[in-house]
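I opened this model to look up pockets, surface patches and salt bridges. My notes follow in the order I took them.

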Amino acid sequence: MEKAQSHETARSVMSAGAECIGAHETLDRAAQLMRSHDVGALPVFGPDDRVTGIITDRDIIVKCVAAGHDPARVTAGDLATGLVWIDADATVEEALSRMEQHQIKRLPVMDGHRLVGMISESDLARHLPDDQLAQFVHRVYARP
(Lines give C-alpha, C1' and ligand atoms only; values in the text may rest on other atoms or scores of the structure.)
Protein backbone atom coordinates (compact mmCIF):
# COMPACT_ATOMS: atom_id res chain seq x y z
CA MET A 1 0.00 0.00 0.00
CA GLU A 2 1.26 3.46 -0.85
CA LYS A 3 2.07 5.72 2.05
CA ALA A 4 0.43 9.15 2.01
CA GLN A 5 3.17 11.70 1.56
CA SER A 6 2.96 15.11 3.21
CA HIS A 7 3.22 16.75 -0.23
CA GLU A 8 0.21 14.87 -1.59
CA THR A 9 -2.81 17.05 -2.19
CA ALA A 10 -6.53 16.46 -2.16
CA ARG A 11 -6.36 16.58 -5.97
CA SER A 12 -3.85 13.70 -6.03
CA VAL A 13 -6.06 11.31 -4.03
CA MET A 14 -9.55 12.32 -5.21
CA SER A 15 -11.66 10.63 -7.83
CA ALA A 16 -11.87 13.20 -10.61
CA GLY A 17 -15.27 14.54 -11.56
CA ALA A 18 -18.45 13.95 -9.64
CA GLU A 19 -22.00 13.38 -10.72
CA CYS A 20 -24.13 16.25 -9.40
CA ILE A 21 -27.83 16.93 -9.10
CA GLY A 22 -29.75 20.18 -9.27
CA ALA A 23 -31.42 21.42 -6.10
CA HIS A 24 -34.76 21.36 -7.97
CA GLU A 25 -34.50 17.63 -8.83
CA THR A 26 -36.45 15.09 -6.79
CA LEU A 27 -34.96 12.49 -4.50
CA ASP A 28 -36.22 9.64 -6.64
CA ARG A 29 -34.13 11.10 -9.48
CA ALA A 30 -31.18 11.39 -7.08
CA ALA A 31 -31.53 7.73 -6.14
CA GLN A 32 -31.63 6.75 -9.83
CA LEU A 33 -28.44 8.75 -10.49
CA MET A 34 -26.73 7.15 -7.49
CA ARG A 35 -27.65 3.70 -8.76
CA SER A 36 -26.59 4.33 -12.35
CA HIS A 37 -23.25 5.87 -11.32
CA ASP A 38 -22.69 3.48 -8.40
CA VAL A 39 -22.16 6.30 -5.89
CA GLY A 40 -23.56 6.96 -2.44
CA ALA A 41 -23.54 10.75 -2.50
CA LEU A 42 -24.28 13.58 -4.89
CA PRO A 43 -23.22 17.20 -4.62
CA VAL A 44 -26.22 19.50 -5.04
CA PHE A 45 -25.97 22.66 -7.13
CA GLY A 46 -28.22 25.68 -7.03
CA PRO A 47 -29.59 27.88 -9.81
CA ASP A 48 -26.26 29.72 -10.03
CA ASP A 49 -24.49 26.38 -10.78
CA ARG A 50 -22.58 26.54 -7.49
CA VAL A 51 -22.43 23.55 -5.20
CA THR A 52 -24.65 24.26 -2.20
CA GLY A 53 -24.66 20.95 -0.34
CA ILE A 54 -24.51 17.20 -0.62
CA ILE A 55 -27.06 14.41 -0.25
CA THR A 56 -26.32 10.80 0.53
CA ASP A 57 -28.20 7.58 0.03
CA ARG A 58 -28.62 7.49 3.81
CA ASP A 59 -30.17 10.98 3.78
CA ILE A 60 -32.79 9.78 1.29
CA ILE A 61 -33.67 6.74 3.40
CA VAL A 62 -33.59 8.29 6.88
CA LYS A 63 -34.74 11.86 6.26
CA CYS A 64 -37.27 11.16 3.52
CA VAL A 65 -38.52 7.58 3.20
CA ALA A 66 -38.35 6.60 6.89
CA ALA A 67 -39.93 9.95 7.83
CA GLY A 68 -42.92 9.10 5.63
CA HIS A 69 -42.21 11.57 2.84
CA ASP A 70 -42.54 10.87 -0.89
CA PRO A 71 -39.14 10.91 -2.67
CA ALA A 72 -40.96 11.92 -5.86
CA ARG A 73 -42.03 15.17 -4.15
CA VAL A 74 -39.02 16.07 -1.97
CA THR A 75 -36.19 17.84 -3.77
CA ALA A 76 -32.45 17.45 -3.39
CA GLY A 77 -32.33 21.06 -2.21
CA ASP A 78 -34.82 20.27 0.57
CA LEU A 79 -32.46 17.64 1.99
CA ALA A 80 -29.00 18.90 1.07
CA THR A 81 -26.82 19.25 4.12
CA GLY A 82 -24.37 22.08 4.59
CA LEU A 83 -21.42 21.97 2.30
CA VAL A 84 -18.16 20.79 3.79
CA TRP A 85 -15.40 20.79 1.17
CA ILE A 86 -11.65 20.99 0.67
CA ASP A 87 -9.53 23.01 -1.71
CA ALA A 88 -7.87 20.89 -4.40
CA ASP A 89 -4.42 22.09 -3.31
CA ALA A 90 -4.94 21.31 0.40
CA THR A 91 -2.87 18.49 1.85
CA VAL A 92 -4.23 15.00 2.37
CA GLU A 93 -3.78 15.55 6.10
CA GLU A 94 -6.05 18.62 5.91
CA ALA A 95 -8.66 16.58 4.05
CA LEU A 96 -8.51 13.82 6.66
CA SER A 97 -8.83 16.34 9.45
CA ARG A 98 -11.89 17.95 7.86
CA MET A 99 -13.54 14.57 7.30
CA GLU A 100 -12.81 13.48 10.88
CA GLN A 101 -13.99 16.79 12.34
CA HIS A 102 -17.34 16.56 10.55
CA GLN A 103 -17.53 12.74 10.70
CA ILE A 104 -18.12 12.47 6.95
CA LYS A 105 -17.06 9.75 4.54
CA ARG A 106 -17.13 11.80 1.34
CA LEU A 107 -15.55 15.18 0.74
CA PRO A 108 -16.08 17.37 -2.34
CA VAL A 109 -12.87 18.82 -3.75
CA MET A 110 -13.12 22.36 -5.12
CA ASP A 111 -10.87 24.45 -7.32
CA GLY A 112 -12.15 27.97 -6.79
CA HIS A 113 -15.94 27.64 -7.11
CA ARG A 114 -15.68 24.61 -9.40
CA LEU A 115 -16.18 21.04 -8.20
CA VAL A 116 -13.29 18.94 -9.54
CA GLY A 117 -13.76 15.67 -7.66
CA MET A 118 -14.62 13.79 -4.49
CA ILE A 119 -12.56 12.05 -1.85
CA SER A 120 -14.18 8.90 -0.51
CA GLU A 121 -13.11 6.10 1.80
CA SER A 122 -12.07 4.01 -1.19
CA ASP A 123 -9.79 6.82 -2.40
CA LEU A 124 -8.21 6.98 1.05
CA ALA A 125 -7.82 3.19 1.15
CA ARG A 126 -5.75 3.37 -2.03
CA HIS A 127 -3.43 6.10 -0.70
CA LEU A 128 -3.08 5.71 3.06
CA PRO A 129 -1.04 3.18 5.02
CA ASP A 130 -3.19 0.68 6.89
CA ASP A 131 -2.59 2.19 10.33
CA GLN A 132 -3.51 5.72 9.20
CA LEU A 133 -6.61 4.41 7.43
CA ALA A 134 -7.66 2.51 10.57
CA GLN A 135 -7.29 5.66 12.68
CA PHE A 136 -9.38 7.63 10.19
CA VAL A 137 -12.15 5.02 10.14
CA HIS A 138 -12.22 4.86 13.94
CA ARG A 139 -12.52 8.65 14.24
CA VAL A 140 -15.19 9.02 11.56
CA TYR A 141 -17.37 6.18 12.83
CA ALA A 142 -16.88 6.92 16.55
CA ARG A 143 -19.98 8.45 18.05
CA PRO A 144 -19.51 11.10 20.74
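Residue classes first: I count Ala, Val, Leu, Ile, Met, Phe, Trp, Tyr, Cys and Pro as nonpolar, Asp, Glu, Lys and Arg as charged, and the others, Gly among them, as polar.

Ground rules next. The model is predicted, so local features need pLDDT of at least 70 and side-chain atom pairs count only at pLDDT 80 or more, while totals for chains, interfaces and linings use all residues. Residues are numbered from 1 along each chain as its sequence is written, and side-chain values use heavy atoms, with hydrogens and water left out.

**Entry 1: pockets**

I took a pocket as an open set of points on a 1 Å grid over the protein atoms alone, where a 1.4 Å probe fits, with protein on both sides within 12 Å along at least five of seven lines. Lining residues have an atom within 4 Å of a point. Grid points are joined across faces, edges and corners, and a volume is the space filled by probe spheres set on the points. Helices (H or I, at least four residues) and strands (E, at least two) are DSSP runs, numbered from the N terminus.

I looked up the largest pocket and found a volume of about 450 Å³. It has 17 lining residues, and T56, D59, Q103, I104 and R106 are the closest to its centre. Two or more lining residues come from each of β4 (51–56), α3 (57–65) and β6 (106–111). Helix α3 gives the largest share, five residues. I sorted this lining by class: six nonpolar, four polar and seven charged.

The second largest pocket holds about 320 Å³. I noted 19 lining residues here, with V39, G40, A41, M118 and S120 nearest the centre. Its contributors of two or more residues are β3 (41–45), β7 (114–120) and α6 (121–127). By class, I get seven nonpolar, six polar and six charged.

**Entry 2: a nonpolar patch**

For patches I used residues with over 30% relative accessible area and no salt bridge, joining like charges within 9 Å and nonpolar side chains (Val, Leu, Ile, Met, Phe, Trp, Tyr) within 5 Å. Areas come from the Shrake-Rupley method with a 1.4 Å probe, and for residues only the protein chains shown count as cover.

I61, V62 and V65 make a nonpolar surface patch of about 240 Å². I61 sits in helix α3.

**Entry 3: salt bridges**

Side chains of opposite charge can pair when their charged atoms come close. My cut-off is a side-chain nitrogen of Lys or Arg within 4 Å of a carboxyl oxygen of Asp or Glu. How many salt bridges does the structure hold? I find six.

For accessibility, buried means under 20% relative accessible area, exposed over 50%, and partly exposed in between (1.4 Å probe, protein chains only).

D89 and R11 pair at 3.7 Å, N to O. This pair links distant parts of the chain, 78 residues apart: D89 is in the loop between β5 (86–87) and α5 (92–102), and R11 is in helix α1 (residues 10–13). D89 is exposed because its relative accessibility is 53%. R11, at 34%, is partly exposed.

D59 and K63 pair at 3.5 Å, N to O. Both lie in helix α3, four residues apart, about one turn. Is D59 buried or exposed? D59 is buried, at 11%, while K63 is partly exposed, at 40%.

D70 and R73 pair at 3.6 Å, N to O. I logged D70 as partly exposed at 35% and R73 as exposed at 69%.
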